[in-house]
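Good morning, everyone. Please look at the screen while I walk you through one protein.

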Amino acid sequence: MDFERALAGVESTFEQRLGAATRDADVAEIQVAFLGRSGELTLMRRAIGKLPPEERPAAGQRINAVAERMELRLASALETLRARGLDAALKQHVDATFPAAARRRGSIHPIRRTLQDVCDFFERRGYAVVLGPEVETEYHAFDALNIPPDHPAREGFDTFYLPGGLLLRPHTSPMQVRTMLAHQPPLALVVPGRCYRRDALDARHSFAFHQVEGLVVAEGITMAHLKGTMEAMCRELFGPQQRVRFRPSYFPFTEPSAEVDTTCPGCNGIGCRTCSGSGWLEIGGSGMVHPNVFREVGYDPSRVTGWAFGIGPERIAMVRHGIDDIREFVDNEPAFLEQF
Ligand code: PHE
């Protein structure tokens, strides 16, 4: 009878202490105090020996039953504490009813979009889209393009020179040379990329800008293919009513050479502020690849012909979106960028 009362007393003390536990450590402590090697229940087990022999088995079973209940109660107390702790932490840090900040949507930069549109146009027609280095050699940027060191055209490029005969490419045309040195004709490719010139910054000029170079070389390629391609490209970029005109020009690496103009989409060729009243906008330079360039890369100019162009995506994007200052592209003004 004494034993029964003592056991009941131990269990109710256990319950009291567990009810007051607020942390995992409290629960662990209680476990040691009751079920540990010198815990209350263990002591009771040792006391069994003092009972009359016939009472011992029943007493042992009772202790085991209490120990089992205690284990279960400890486990569920831990679980309750953890759940309560998570709740408290969430309440402290997250107010699920607080109005969310409006999310700003990003957009593709107008230059990137224009580069992408130009490249898509050519890729669909089977051209390769390739990239080249922005740090170039004088050989690829000038010599191999039929611009010898003393040629006045070199000055026209206002190049940033680097030590060791290197430079920041002032145009994407060096990729004509690199591609032809590495591959045999027929070839059809476009090269989008950034170029650099020592130009003073104003509404129309920047020291860093983009070009898309185009090159087609095969037997029987003519300037008519070039003009037709430029016209199709302009119609895709600006609209189906576009026309293209070639104005005679000069580049050392093409002969004949032509500036590529397209009808001003702002006024459909009537004349407005964007086109300074002329009805036409210049988008780049072009021409038939000069025989000296072919010879330099080991092509036979009596067998293959080709044409090349270099167009300015800044110019195209300005016309497409009615932007009148090239500096807006790099000012990083959210109000400007969010329009696209
Ligand atoms: N590379 C020339 C420039 O930057 C443009 C051009 C490219 C002209 C290809 C003819 C052929 O001005």
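Predicted model: local features only at pLDDT ≥ 70, side-chain atom pairs only at ≥ 80, totals over all residues.

Local features need pLDDT of at least 70, side-chain atom pairs count only at pLDDT 80 or more, totals for chains, interfaces and linings use all residues, and side-chain values use heavy atoms, with hydrogens and water left out.

Domains next. The protein splits into domain 1, residues 2-91, and domain 2, residues 113-337. Those bounds come from an automatic or database domain assignment. How far apart are the C-alpha centres of domain 1 and domain 2? They lie 85 Å apart.

Now the salt bridges. I mean a side-chain nitrogen of Lys or Arg within 4 Å of a carboxyl oxygen of Asp or Glu. A search of the whole structure turns up 18 of them.

Take Arg62 and Glu4. They form a salt bridge, and their closest N and O atoms are 3.1 Å apart. Arg62 lies in helix H4 and Glu4 in helix H1 (residues 2-20), so this pair ties together parts that are 58 residues apart in sequence. Helices here are DSSP runs of H or I with at least four residues; strands are runs of E with at least two; both are numbered from the N terminus.

Are these two residues buried or exposed? Here are the cut-offs: buried is under 20% relative accessible area, exposed is over 50%, and partly exposed is in between, with a 1.4 Å probe and protein chains only. Arg62 has 33% relative accessibility, so it counts as partly exposed. Glu4 is partly exposed too, at 30%.

Next pair: Glu11 and Arg69. Their salt bridge has its closest N and O atoms 2.7 Å apart. Glu11 sits in helix H1 and Arg69 in helix H4, so this pair also ties together parts 58 residues apart in sequence. Glu11 counts as buried because its relative accessibility is 17%. Arg69 is partly exposed, with 40%.

One more pair. Asp325 and Arg327 meet through their side chains in a salt bridge, 2.8 Å from N to O. Asp325 is buried, at 17% relative accessible area. Arg327 is partly exposed, at 30%. There is also a network: salt bridges that share partners join Arg245, Arg247, Asp261 and Glu282.

Stay with helix H4 (residues 56-93) for a moment, where Leu90 lies. Leu90 is partly exposed, with 45% relative accessibility.

Ser257 is buried, at 6%. Its side chain makes a polar contact of 2.6 Å with that of Thr254. A polar contact is a pair of N or O atoms within 3.5 Å; within protein, one must be able to donate a hydrogen and the other to accept it, and residues adjacent in sequence count only if both atoms are side-chain atoms.

Thr262 is in strand S8 as well. Thr262 is buried, at 0% relative accessibility. Which side chain does Thr262 reach in a polar contact of 2.7 Å? That of Gln242. Leaving out residues up to four places away in sequence, Thr262 touches several others, including Cys234, Phe238 and Trp280. Contact means heavy atoms within 4.5 Å.

Now helix H8, residues 174-182. Its buried residues include Pro174, Met175 and Val177. The buried residues of H8 pack against several elements, among them strand S5 (187-196), strand S6 (208-218) and helix H10 (291-296).

Last stop: Arg204, in the loop between S5 and S6. Arg204 is partly exposed, at 47%. Its C-alpha atom is separated by 9.7 Å from that of Met318, 114 residues apart along the chain. Beyond its neighbours within four places in sequence, Arg204 is in contact with Thr274, Arg315 and Ile326.

Terms used
Residues numbered from 1 in each chain as written.
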